[in-house]
Structures are given as C-alpha cells and as structure tokens.
Amino acid sequence: MISFVSEVAVIPGGENIYQCIQCGVCSGTCPAAGEMEYPPRKMIALIRAGMRDTVLASSSMWHCLSCYMCTVRCPRGVKPTELAHALEYLADKEGYRVKGTSTPAMYHSFVDSIHSNGRVHEFGMMLKYYLRTNPLAALKMTKVGLSLFLHKRLPLMPKKVKGKEDLSRMIQRFREAGSS
Amino acid sequence: MEPRIGVYVCHCGSNIAGVVDCEAVTQFAQGLEGVIVARDYKFMCSDPGQELIKKDIRELGVNRVVVASCSPTMHEPTFRRACQEAGLNPYFFEMANIREQCSWVTEDHEEATEKAKALIAAAVRRVYYHQPLESREVPVNPNTLVVGGGIAGIQAALTIANSEHKVYLVERDPSIGGHMAQLDKTFPTLDCSACILTPKMTLVGSNPYIELMTWSEVEEVSGYIGNFKVKVRKKARYIDVSKCTGCGLCQEKCPWKAPSEFDVGLAQRKAIYTPFAQAVPNKPLIDREYCAYFQKGTCRACVKFCEAEAIDFEQEDEIVELEVGAIILATGFSLFDPTPIHQYGYGRLDNVITSLEFERMVNSAGPTGGHVVLKGGSHPESVAIIHCVGSRDEKYHEYCSRICCMQSMKFAHLLKEHTDAEVYEFYIDIRSFGKGYEEFYNRILNEGTIFIRGRPAEVTDVAETPEEKGKLIVQFEDTLAGVQRRLPVDMVVLSCALEPQPDAEVVARMFNISRSADGFFLERHPKLEPVTTMTDGIFVAGCCQGCRDIPDTVAQASATAAEVLVMISRGKVEIEAATAVVDERICSGCQLCLALCPYSAISFDEEKEVCRVNEALCKGCGTCVSACPSNSINLNHFTNQQIVAEMEGILG
Amino acid sequence: MRYYSYFPGCSSEATAIGLELSNQAISQPLEIELIELEDWNCCGSTPYGSLDRQESVLVVARNLALAEKTGLDLVTPCSSCFVTLYGANLELRENPGLMRRVNEALAVANLEYHGNVRVRHLIEVLVNDVTPEVISARVKRPLNGLKVAPYYGCQLVRPDYGFDDPESPHSLDRLVTSLGAEAVPFALKNRCCGGSLIISDESMALGLIHKLLENARESGAECITTPCPLCQINLDAYQGRVNSKFNTNFDLPVLFVTQLIGLALEIEPKSLGLNTNIVSPNRVLEHITKVSQEAGSGT
C-alpha cells in the first residue's frame, strides 16, 4: 500500500512535492484562492496527510486558472499548477462527481468538440456545455453570445480537420497500448 | 631489503563488513605475492587495531603495510604514525579505500567484494615499490596576516597580538568595525553594538603588536605555509596621517557631498570624510570621485582650514610586501540586494527597506537620529517585517541565513521601543537556536508583536478597498489560519539574506582556497575542521565561511588564532614528502614544466641550464611529470613504476 | 523574408478572428511569412491536459510531427496554444518512453516525431526576430501619444521560458513604444483574466477582469492591447457583464497587439478585423487619425 504522497510524487505534476516547506507563497499568490476550499498549500498538506478521498472529491483544483504565478514564485520548485492538473486527471478518471463547479463539464465539452471535429467549435462547445449543466444559464449569456455573433466572432458551423479520422485512430491506438 | 607485506582489512563496524565479505578478502590477500600476513579486524584505526600492525612489524618483520579501510583523508596519517612508532618509515604504508570508493557506493555485495579484492591487489603491488622518504621541516614565520577588520578579524588579531606576536591587519574600508559597527542593538541581550565593539576597536588601534592597514587591499599572495609573501596596496588617503590630529574641521568645511556607504545610502557624507564617529583609525580620507579639486582643480577648502597641514593631494598608493607564516581570512559578508524580487517592491515602492537600512535608521547615531520615519517624515503606524528574503529560495540562495529570524525579532522589539506601531512578523519557521534565543522569542511575543506564519506572495500599492489606499499592502496566506489575506501597512522591512562578498571568487583564487557550492569559503571539514582550509596555513573565520551570529563569529575567530599559535609555538611545520624531483642528468632545460606549474614551484638554473623543483612549494600535483617530454621529472611516492604496478593490480 | 510554420489555434477561426486577420495583414510589411500548418488539429489547451495529460501530448504531437516536416519553427499567436505546444514538446524531448508510445500511435497515420521542432510565440518572434527597431522603422503612421495599457496575461510569460520576466515583463511595452504610442505603467499587466474559466466560473473571472479594467483605467490608459485570444475576449466581450455586475462604466477598447501594429503600418482597420472588436475602437481610430491629420496639415 503506497502512501498518497508517494503516489503523487511520481506522476507528472507531482515534482518536488516532498520539498514543500508549506511556506504559503502559492496560496498567497493564487487569484482563485478565495474560491478554493483547499488552496495549493493546503492541498499539498492534505496529500501528505494521506487524505486521498478528501482531495479528489474536492472542487478546489478545478478552480485553478493555470496562471502559473504559484509555480514562478515557489521557492522549492514545486509546480502547483501541474499538480492541480494531475489531481483533476485522477479525480475525473476515478469518477469523482464534483460539486460546486461545472468546470469538469466544460472541459469535457471542449474535448468532445476536438474528438468530433479535430478542432474546437466554440459555438458548438458552448451549446453542449450548457445543455450538460444548466440550460437556463445559457439565457444569461445570450447578450454576450449575440454580441459575438453579430461581430462575426461566432460561426455556427464547425470547421473540420481532414485528418480527423487519423486523430481518432491515433487516440484509439494510444489507449490500447496502455500506460507506459 | 626483500618486501614483507602485511595486509590489514578493516570491517569498520558494518560500514565495510555489511557489504564486503571481509573474511574472503583477507584470505585473498594472504595469497598475494609478497604478503606474509593478512588480518581483518573490526576497527583498524583504534588502538588495538593499530597495535596489530605494530606487533607484526616488530615480531614478524613486516616492512610494507597495506590497510584496506576508509579514505586516506581520514586515516592515512593515523596509520603512517603507527608505522613510524614501530620503527618503520611511514612512506612504506599504502591505503586501499574499500569504504568510500567501494562498500559505500556499491549495492551488489558480490561486486563490492570483487572490487575490494582488486583494490587491495593494487595496493599490494604498489607498496612493493615504495621508497623510504623523509618529510622535510620548514621554519614558520611568527608574523600573521589577518585579512578583514570586522569583528572576526578584530578578535583574531587581538588574540594573536595578546600572545605578543606580530599581526598585520589589512582592511579594505577606511575603518575597521565591519558590519557590526553599523548595527544598533545586538540580540539577544540588546547590547548596544557600538558600545561592545568600540573597546575592541580601540585595543586594535593601540596594540603595539598589531600593524593596522586600513584603506588597503591584498594584491598578491605567494609562498607556502610558514612562509607566505603578500603584496598589499595601501591606497592613498591624500592625508598625511602622521600630521593629522583628527580634529574634523576639514569635513565640516568641505562643501562637496557623496552618498554615505556606512549609512547605506540613506545619508550623505563629505568628499573628505571619516566613515563614522568611532572610526579606527580616526583619520579622514578624500574620495577622488566627489572631490572638486581632483575633478575640476578647484576648492581646496580642506587645505585652507587644516592647521596641521596634513592634506597631501600628491600622495600615491603604496605597495608593501609582507612576510607572514599564517593568513586568516575574515572578509565577511555582503547583504543580498532584493531588487530582483520584483514582487516585494524594493527600489520601486517607497518605504520598503532592507535590514541594514533599518539598522541605520533605528540607530541613534544614524541618518534619522534613531527615528523610524517614512518618506515624507511621518511615523509608521504599522510595520511588516518579512523573513527569508533571498534565503531558503532555490531562485536566489537555497540556504538559511541563520541570523535573520533573531534579527527580525530584534527589529520588532526596537519598533515597539521607538514607535507606537503595530508590528507584524512574516515567517516560515522561527529559528531561535542559540543561548537565550528562545527566551528572546518569548519576550517578543509578550511585547505584542503579531507573528504570522506565511511567506508573503507580494507587497503592492494597488489598492482594492478604500482602507488600502495610500498604503503598502502585503498579500499572503496566513497558513495557520488557513486564509489568504491582505494587510495594509505603512512600512515593510525585508530581512535579506547574507551572501558571500561579490569578489569571493577572486579572493579565493588569490589565496588558493576553495569555495563551497553556496559561494562561501570552504572549510576543510564541516564538523571537525571548521577553521582550516585545504591550503595549509590559511584559515577562515566569520561570515566569509558561512552565515553566523556574533557569538559564533568571535568563537571561530579565536579558534583560528589558536590554530595559528600552534604553528607559531612549534616554530616549524612538516612538508609532505610526495613532491616532484628533476633528474638533472636528463633534463634538457626546455622549461615546459616551469610554465605549467600552478604553484610556481619550479625555477630555472641559468648556469646548469636545468630546472629545479622547490620542495616546499610543490604540492605534488603531477602536472610537470606528465608534461616533461624527456621523462626527467619523477614524483616521489607516485613514481611511474608505482602507478603502473597499481594498475596491474587492479587489472589482475 | 523569414518563414515560419503557423499554428493559428481554434479561436482564430471564431472568437479571435481579429487576431487572425491582423496577423496576416502585418506579416508582409514586416517581411515575415506565416505559412499555416496544413490540416492542424486543436492543441488541446488546458482542458485536454487536465483530463488526460498523456493523451493530450499525443494530440499535440500530431501537429509537431506535421511541423517537423516543414523544417520551420512552429509559431503560434495564442498564449494558451503556446504553453500547451511548448510544454508537450519539452515533455516529449525529456521522456523517451512517452515519445516512443506517442510515435507508435502517430504511426497509424504514417507520422513520426523526432523532437526537432522549436515552438515559439508570435510576440517573441516580433521582438527577437523582427525587433522593435525594425518595426519602428516600418511605422507609417505613428500612434503619437496614444496611451496604451500593455496586457500580457499569464501564459506569454509564465512558466518562465526565458523570453521575458514573469513578474515584470517589458516585451509588449517595447512593442507599444516602437509604434509611437505610450505604454502606461500598468501594475496588473501580467495578472490573470480568468481565462477559460469565464465560462464555468463566471463570477470569479468577472472579479478578476474588473480588477484589470480598473487598474488599466487608473493608469491613464485609453485602450488595452493584448496578444492572447482568451484575454482579449474576456476584457472585450465581457466588459459589458463587468459593468452590469459591478455598476461600472468601463469603455476601454481592447485591441490585439497585431491590430495596433497594423494601425501604425497604416493598414485599413477592416483588414485588421477592427470591426469585430466588441467595445468600439472608434476613439482609438479617431485619436490616431486626428494626430495624423494635424501632422499632415503642417501646423
């Protein structure tokens, strides 16, 4: 039975997690810290405490903006942004249903768009996202959406990549080969 | 004399025996050519272990000794001495390192055992060709050079001078005193720094055994332990110090100003100046860059007012040559400049200051008369003190600067003394390790300073609420409370890292010593030899070797003095016999070796047209040996024959 | 003429159409040719990397393999694409096991990647290859005195690529100055706009955008310029939402850096896609043309 911290230490994103001195610069810097139940430093403390379930069930990492300010300021070489991504991956893969944020649904819509078209069709992605989460919320966005559409920034039809099939087959092959 | 080799395999507890099969190795050694006895023992370096060797020398006629144990750096001298005490020339001894180079670095036990066997076979074959060398003794010059006149240099100089031996104290600044002279109070006793320092400074100035050379720098060093030659440049002060009475009128009358180095730029001094009131020597000097006479040929007010006629614009730098037996480096530290840490706002935002700037500000003899003031003259109502600025940070210095926690808490106390301000300490860990230090921490806590555990993310002037307008806002995570907070304050003090002097590399090269990875001068052994360096006769004391507080600095300085006095009282030192020798019959005088020698140990005899090695300067590095085109140089104790034999032993 | 393989990014065909148009418009006068990478696919950006890091590297790798065949540097104008392409490229080069596994999958489409592509941001190309001095020399209509807040966003300067200072960058300031405009001291110039979380975490993102707009206005800016499609849409298209939520009245035009450059090169606003900016850039156009007219009238 390996500890949660040693599990995280060896995956991409877990670099230098052992070196964290809990100084708090990351949480002090994070623009999203106010939204997070466990901002980066606390998250690392929880990982070290072996509280796997608490960590993966939390919505905190989904609020990460990927602004990388924490990474630039950390005096120990920890990469909290990448760590957040790694935790998102684990949580999603293991089927944790996150409360308090619809970012997972947005990310899924994004990726689905890539799988369908080879590129992200922004209008289609938004539609899918709102249908998945809260169709009524879409109403709030009509003004912005309409404004974008009228300014020729929201084409209704997707552009398709010719190599879309190639991409699908590559992904399929990659998944079959399993993890390295 | 037929070689009769004794081999001794050490277990070193489980350090070697836990990985290497010592019994098998001993048996293997017994079977080697020339070996008449092979033994193994738990701790060869112990008295009984050494006794095994001595007994075999006396009773079995062993005349070549191989010990397979740790590194020669550890115990070569131990075993050489054991041989000598039993009547055998110590150079008939060879060590096989089967610990640092074998058992400590090999995981597979079988591989380690095979390697140990190979290393012993090599040593056995080599020792066969050893010669009985004699180490030379050279006399020790009883004078000492101390480089650096801060508290470390002062302490070392005084201790040696008190033994009635001569000390040259060379200081780069116009006065001795160093950084300690700039401090206000010292922790944990809150002694006034100048009050405890100036008596020592005065003693230095008046001690007949100390020749004080301030405003001077070492330019060149040559020689070897007991016999160093040092060139010192005594820079021109443009004052005849024998005539100057130190009345200070010239400084009063001089109309030209310059930023004061002593006050770290917070105040100005004159172009003709003494750095501070208690300077030793209390004589002024002229700064050419700011002096109107040097720059434009005008003024000369000082000349007009000097009754002693001590101004001498024609004065030139003087080069002196000193001969000393030992050198103590006490060149101190430099303060980290926090400008690169953009997010703390130093140099960009008003009222963000460094630790040294705060020391000068709070000092009653300082630029603000001891008043803690903001730009504009008002008093701060809230002050944040940030620990670890530039320390414990892989981007700047990985190390902890050791003194900043105590210094920061001292600042808190001084702020409570001088102002009514609310004081906040931002820390990651509190390091109050010394005598009276934890009690000091307790005292500061009780005085009402607010300790917040969290390294600040930034200091900004971008206000997000009306309360923040016009203030410096510290943004941080209060890690113990677990929330991100913004705290508006009036002033921020950055406790900056101590770092090696900017010219540490140049100085290290000049004195031929090494530096550790953090840039400070390298001691010979971190635990057991904290004041000696890898260069015999050169010692280090104080912050130039690593961050430390005043008590530890003074202790270390006294330790270097003790080491020097050992040398002086013995009056002589032994020179390692493993030096190069030129066979003058074969040498053609091409002088290739002379050009290559890193220690300038080779000279050319014009008459005989051959090169000759100075055994005292030679370090036995072997450069000349490998370069010589006619193979006429040999290295004692590392002859070609011995080295080839060693290789043959390894290759089996 | 300098040639580059060009990765537009998905927004370029939609929400960042202005960026795409202005990139193409300024390339010829600056003697660079941005050759669109044939049949490029989405880089995956943050979402793909968060849901499946290793698979996201594969998705990037198809583009890298295609780019490697051109033998040119791969340049992208989008900061998010840049950090994704750059990061995946670095990871492939440092992790031979991953490279092998990725190449096995790429082989399905007869593609292979050997790690030879250099991924670059268009801004870095403009600063290091073209240089602000050359841009300055090409300027036909200096923006004389237009007060611009240069907004870097996050992923142009972080994590540290060695291109610009992550805490106090100055590359955009230099570009702005080279056009004859004034780069106002904008303290929050490298702080986050909320990025893609404007969609799923709108309230937080609007708070961040509000802070940025406030700081830009306080710094005296007449407009904001930015290279990143996400930043531009957040500051531009959502300015109205910020105004309703916080009861403010911001009216700051947000131009892509290349749109600003295009204006200084005297390219037609329509060709720069300025009609697609939500907050009207008319005031900026008026300021520029007014100065030019005054200069022209020989007063």
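## Domains of chain C

Domain bounds here come from an automatic or database domain assignment. For chain C of this predicted model, that assignment gives domain 1 (2–122) and domain 2 (134–296). The C-alpha centres of domain 1 of chain C and domain 2 of chain C lie 25 Å apart. The two domains touch. Domain 1 of chain C puts 23 residues into the contact, and domain 2 of chain C puts in 26 residues.

On the domain 1 side of this contact, helix 1 (17–27) and helix 4 (79–94) of chain C each supply at least two residues. Helix 1 of chain C gives the largest share, eight residues. By class, the side of domain 1 of chain C that touches domain 2 of chain C holds 13 nonpolar and ten polar residues. Charged residues are absent from that side.

## Chain C overall

Chain C has 14 helices and eight strands. Its radius of gyration is 19 Å, close to the 19 Å that the globule rule gives for 299 residues, so chain C is as compact as a globular protein of that length. Along the principal axes, the C-alpha atoms of chain C fill a box of roughly 65 × 45 × 30 Å.

Of the 299 residues in chain C, 59% are buried. Contacts in chain C with a separation of 6 or more were also sorted by sequence distance. Residues 24 or more positions apart account for 79% of them.

## The four-stranded sheet of chain C

Chain C contains an open sheet of four strands with parallel pairing. The strand order is 6-5-7-8. Strand 6 (182–183) and strand 8 (254–256) of chain C are the edge strands, and each pairs on one side only. Strand 5 (residues 147–150) of chain C pairs with strand 6 of chain C in the parallel sense, over two bridges. Within this region, C:Val148 stands opposite C:Ala183, a residue of strand 6 of chain C.

Two helices are described against these strands. Helix 8 (residues 171–178) of chain C lies across strand 5, strand 6 and strand 7 (223–226) of chain C. Helix 8 of chain C runs at about 160° to strand 5 of chain C. Helix 13 (residues 257–264) of chain C packs on the sheet and touches strand 5, strand 7 and strand 8 of chain C. The direction of helix 13 of chain C makes about 80° with that of strand 8 of chain C.

## Chain A

Chain A has eleven helices and zero strands. From the N terminus on, its elements run α-α-α-α-α-α-α-α-α-α-α. The C-alpha atoms of chain A fill a box of roughly 50 × 40 × 30 Å, taken along the principal axes.

Buried residues make up 48% of the 180 residues in chain A. Among contacts in chain A with a separation of 6 or more, residues 24 or more positions apart account for 61%.

## Where chain A meets chain C

The contact between these chains involves 50 residues of chain A and 48 residues of chain C. On the chain A side, two or more residues each come from helix 5 (69–73), helix 6 (80–93), helix 7 (103–117), helix 8 (122–132), helix 10 (142–150) and helix 11 (164–177) of chain A. Helix 11 of chain A gives the largest share, eight residues.

The side of chain A that touches chain C divides into 26 nonpolar, twelve polar and twelve charged residues.

## Two buried sites in chain B

Helix 11 (residues 355–362) of chain B is largely enclosed by the rest of the structure, because seven of its eight residues are buried. The buried residues are B:Ser355, B:Glu357, B:Phe358, B:Glu359, B:Arg360, B:Met361 and B:Val362. They pack against strand 20 (352–354), helix 12 (404–418) and strand 27 (491–496) of chain B.

B:Ala557 is found in helix 15 (residues 550–570) of chain B. B:Ala557 counts as buried because it has 28 C-beta neighbours inside 10 Å, where the cut-off for a buried residue is 20 or more. Leaving aside residues up to four places away in sequence, B:Ala557 touches B:Ala152, B:Gln155, B:Ala156, B:Ala330, B:Ala541 and B:Gly542. B:Ala557 and B:Thr159 are 398 residues apart in sequence, yet their C-alpha atoms are 8.7 Å apart in space.

Key
Residues are numbered from 1 along each chain as its sequence is written. Chains are lettered from A and ligands numbered from 1 in the order in which they are written. This is a predicted model: local features need pLDDT of at least 70, side-chain atom pairs count only at pLDDT 80 or more; totals for chains, interfaces and linings use all residues. Two residues are in contact if their C-beta atoms, placed from the backbone, lie within 7 Å. Ala, Val, Leu, Ile, Met, Phe, Trp, Tyr, Cys and Pro count as nonpolar, Asp, Glu, Lys and Arg as charged, and the others, Gly among them, as polar. A residue is buried if 20 or more other C-beta atoms lie within 10 Å of its own, exposed if 12 or fewer, and partly exposed in between; C-beta atoms are placed from the backbone. The radius of gyration is taken over C-alpha atoms; the globule rule is 2.2 Å times the number of residues to the power 0.38. Two strands pair if DSSP finds at least two bridges between them. Axes are lines fitted to C-alpha atoms, for helices over the stretch in contact, and angles run from 0 to 180 degrees between N-to-C directions.
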